[in-house]
Amino acid sequence: MAEGDQNKKVAAKKLLQKKKTQKGKVGKNARIEKKRKLPKGKFVKVDALKWKPVEIPDAIDDFGGMYGFEEIDGVGVDIVDGQVKFRTDKDDNIKDDNDDEENGDKMAVDDDGEKEEGEGKEKEKTENKGENKKKKHVEKHDSNLGSLSFAGLDQMDEDEEEDVEDVWGLSLSVPIRKAIKQLGFESPTEIQTQSIPKVLDGEDVIGKAATGSGKTLAYGIPMLETHLQAMLQDGEKEWPSGIIFGPTRELVNQISKHLIQVAEFCNFGANSGIINITGGLSIQKQIRLLDRKPAVIVATPGRFLELITMSPKHLEMVKKAETLVLDEADRLIQEGHFQDLEKILDLMGRGKRQTLVYSATFSKELMLNLDKKRRPTSKDDAIKLLKQKLEFRHEPVFIDSNPAETIAAQVVESVLECGALEKDLYLYYFLTAYPGRTMVFTNSINTTKRLAQCLKELEVKTYKLYSGMEQKHRLSALEKFREDQNGVLIATDVAARGLDIPAVQHVVHYHVPKSADLYVHRSGRTARAGLDGVSVVLCSPDEISPFNKLRQKVKSDIQLFDPDYEMIRELKPRVQIAQKLTDSAKAEYKKKGDDIDALAKEAGLVDDDDEPIQSKPSKREQALDKAEKRELKAELKSLLSKPVGRVSKYITSGHKNLAHMVVSGSTHESFIGREKGTALQKLRK
């Protein structure tokens, strides 16, 4: 046989075998399908089955949100046309007419089940005729569980839609009321009470309130309420109800978090809600977020301007927004921000939407940025100039819940006098004597970096925050600080505005603030949400003059902080060694110039985004050799391992009974012979 004929014969055999295999599969599938179409038993509604309650042991008192359990034997489950069907061939599993007499439900068998049973229907009716007269055996239920019938679940879902008390008395919708209740806001703050009705009525508003007074929800709740009502009326909305501008990425991120907490109850849908638009993040990702047609956009002016300039489609979308908000407005109108903001207003159209402006201060000095040619002579002139520049739609309502422009009454203000070269020592003393979540503000990035490294050498858990950091590093530092009850955040004034970090106990001004406004905003990071807090200014002799001017402007009662000088002397050797190690690391970094990777990153003096330092080390910044560093680190480790303070030979003698302090648990964890206490307690004595 030729080779070609042989190949054809082999191919024919393979084809024949393939057809037989396919035929076998088809036959098998047909048999399976036939079996599916003719299930054994009949389909029954879930409520027509005789479910039996499961006894729960008394030791178990938490059902994880369930009301109890029921079971049944001899029942199968089938999927028919995408629907779940219960099937049984045991008539004992089906309630008879008497079982459902009270509920008026006499339909036991599913309609689909009757049709598919066909000819066997009459036979089943005959067999069930005698069974229908049986009396139902009523199971004894636990009185704590009540009835466990599945039929009651539909009614429970309806009950969950019941109204929620309007505890704020502002006629807000049920989802917003639920959010307020869930978040624990028992009553509105003054700025919220005055603002929310005005904003809901469509008024333009200029609001001034102390930091921590709830400004975000004062404009955020009405904005979410407006979007919610629009969705309830039209089913969907293709554009945002509001756009909020903040001066810093951190503030934008914080505003978003606050609004998301409320928006979670509004059911805006997976593709809508609150988004932030800031620099330092992927612009392509932010474009995709805009494509989702969010309810509210929170943004910094620079990145927002970049997006709407490059995308006409999104510009047309944001033009339809009904409300525009400027949060921390006095900072937004400073140079660098207001130029971008003016371009945005020109692109979106001025005076075409509700405009809301909020800040803790509206100083005439900051208003100079609005118009260099016109110098406001009073606060009223500054507000008037603001109205003209922003071009409100209507004459704005001015709400002032902080007329004195002071910090919150719960903040206890103080000044700690020290030498210019002793600030590190006095700061370390304060942090050691009064542990707790603390924010330390400096006037420069270099001081922030150096101070963070020095405290790190002293084993103080520190985080740093300044404008040159990448966004991911800034957000990471803030998140870690929020989670650390005794953490210390060293920051420039980038963190002084609007950040709402819970339970900050102390604010320390390492440098005297350059203006009264900065002092107010810095100090406002503590004593938030009704809590008390302490603000301490480290003041050197050369800062007395600017400090006195600041005191006159804020008109606050700033008391003198009296430190424990004996403890300060005990701590001094530690700080001196830490300063030497920090200066050495910085000197080595400067010598390397553009080599960022090596020592500087190890020392924590720089981040990935820092520019190389080309300057020469100062006289103070002398690099140490490895042996010197090793010796100093060992000495510092030894000092840090020992408690601070001296004790007399007999612990029950002397002015303070150390034995009693130890037994009573009142001794300080770091200072021997000192009772523990807070800075707040010390200042209020």
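## Basis and confidence

Residue numbers start from 1 along each chain as its sequence is written, and side-chain values use heavy atoms, without hydrogens or water. Because this is a predicted model, local features need a pLDDT of at least 70 and side-chain atom pairs count only at pLDDT 80 or more, while totals for chains, interfaces and linings use all residues.

The mean pLDDT (the predictor's confidence in each residue, from 0 to 100) is 76 for the protein, and 68% of the residues score at least 70.

## Overall make-up

The protein has 25 helices and 19 strands. These elements are DSSP runs numbered from the N terminus: helices are H or I with at least four residues, strands are E with at least two. Of the 685 residues, 46% are buried. Buried means under 20% relative accessible area, exposed over 50%, and partly exposed in between (1.4 Å probe, protein chains only).

Among contacts between residues at least 6 apart in sequence, 74% join residues at least 24 apart. The protein exposes about 37,400 Å², of which carbon and sulfur atoms supply 49%. Accessible areas come from the Shrake-Rupley method with a 1.4 Å probe; for residues, only the protein chains shown count as cover.

## Helix H19

Helix H19 spans residues 516–523 and is mostly covered, with eight of its eight residues buried.

## A nonpolar surface patch

Val 77, Ile 79 and Val 84 form a nonpolar patch on the surface, with about 300 Å² of accessible area together. Patch residues have over 30% relative accessible area and no salt bridge (a Lys or Arg side-chain nitrogen within 4 Å of an Asp or Glu carboxyl oxygen); like charges are joined within 9 Å, and nonpolar side chains (Val, Leu, Ile, Met, Phe, Trp, Tyr) within 5 Å. Ile 79 lies in strand E4, residues 75–80. Its relative accessible area is 62%, so Ile 79 is exposed.

## Cysteines

The whole structure contains zero disulfides, the cut-off being a pair of cysteine sulfur atoms within 2.5 Å. For Cys 539, the closest cysteine sulfur is in Cys 418, 7.7 Å away and therefore too far for a bond. Cys 539 is buried at 5% relative accessibility, and Cys 266 is buried at 4%.

Notes. Contact = heavy atoms within 4.5 Å.
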